[in-house]
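Here's a protein model to look through, with a few spots picked out along the way. Keep the 3D view open as you read.

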Amino acid sequence: MRPTAKFSISFGLVTIPVAAYNATDTSASVSFVRIHTADGGRVRNQPVCSLEGVEVSPDEIGRGYRPHDADVVVPLSDEDLDALPLPTAKTLTILAFVAGGDIDPLQMGKGYYLATDSPAAAKPYVLLREAMERHERVGLGKIALHGRETLAMIRPMGDALVMQVLLWPHQIRPMDGVLPEREVEVHPNEVAAAETLMDSFGELSEEDLHDHYREALDELVSAKLAHREPEFDTGEEQPSGGQVMDLMAALQDSVRAAKRSRGEDEGDEGHAAAKRPAKKAAAKTSTASGTKTGTKSGTKSGAKTASGAATKSAAKKSTAAQSATKKTAAKTTAKKKTAGRGSRRAG
């Protein structure tokens, strides 16, 4: 792998010579060529002079700059550009260290691996990497690449340093016309359902990071060359993109679908959910049964107690009546005896 640029990182009074290597490979992405549909011939972009209408050879093509306030193009040679007072042409001066989360992802562009460009650069290279890693900061600076000055972010990545080209803030377009036109109210239970759906997704797998489109395109081209029908692996059926009418129902259905896609058994969860009401019902039945049994038992016990008390009371009354009868009879007998004695004395 050949470096695309060489420069130095200026870290205070420390200078680190580095070489930048492309960290990405865009040639692996799907690309098409333009053809003439009548005969399949390639259609190429030919450099043609707008004034003469003739094709121009590569050695006759230079660079020009059109100011924003004028409708004219000013020719610029390589010597003109090299004479510009541009301190970032050979040096990336770190201007600040910030938290990585402070960088807007919209600004991030192409990435480069940074390697040491001399043996003396090894120690300051490792020092800068470890300091940023421990401090959890990234470095921001400016560098001129391919004739243009750009913002750049340097961050640790494993045992290496990586440089990420950043867009200037004025290159980020405003969000006019992007936000919903009316205010939307989201309920807490809907947010909770969305969070449950997010948790159900799990982690990325290698299959998720596979370029299925390129694979299908290769099969289509092979089938056309072999004069046969292409054989596609359709996989799972994709959900339709219809309008969502019931948001909560859609979220709950999505959670169930995500679990099914990971092979999780919904029956266990449903069975457990079914057991919970059954246990509650059993507890209610047991409580009600205990209440009824206790009531009946208490009633019977109370009835028996009342009956026993009534019997004892009746027995006491009967005994008292018998005692009173005996006393009355005794008095009557005593009176008769007294009356008899009186009669005898009188006679």
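## A salt bridge across the chain

Let's start with Lys6 and Asp117, whose side chains meet in a salt bridge, with N and O 3.7 Å apart. (A salt bridge here is a side-chain nitrogen of Lys or Arg within 4 Å of a carboxyl oxygen of Asp or Glu.) This pair links distant parts of the chain, 111 residues apart: Lys6 sits in strand S1 (residues 5-11), while Asp117 lies in the loop between strand S6 (108-116) and helix H2 (122-135). Helices (H or I, at least four residues) and strands (E, at least two) are DSSP runs, numbered from the N terminus.

## Where the model comes from

This is a predicted model: local features need pLDDT of at least 70, side-chain atom pairs count only at pLDDT 80 or more, and totals for chains, interfaces and linings use all residues. Residues are numbered from 1 along each chain as its sequence is written, and side-chain values use heavy atoms, leaving out hydrogens and water.

## More charged pairs

Side chains of opposite charge can pair when their charged atoms come close. The structure holds 5 salt bridges. One of them joins Arg129 and Glu130, at 3.5 Å from N to O. Arg129 is buried, at 9% relative accessible area, whereas Glu130 is partly exposed at 40%.

Glu219 and Arg228 form another salt bridge, and their closest N and O atoms are 2.8 Å apart. Arg228 is partly exposed, with 37% relative accessible area.

## Strand S7 and its neighbors

Now find strand S7 (residues 138-145), which is mostly covered: 6 of its 8 residues are buried. Which strands does S7 pair with? (Two strands pair if DSSP finds at least two bridges between them.) Strand S5 (residues 91-98) is antiparallel to S7 and joined to it by 5 bridges, with Thr93 partnering Lys142.

S7 also runs antiparallel to strand S8 (residues 148-157), with 7 bridges joining them. Ala144 stands opposite Glu149 in S8. The hairpin of S7 and S8 has 2 residues between the strands, and His146 takes a positive phi near 55 degrees there.

## The whole protein

Zooming out, you'll find 6 helices and 9 strands. Of the protein's 347 residues, 15% are buried.

Notes. Buried < 20%, exposed > 50% of the residue type's maximum accessible area, 1.4 Å probe, protein only.
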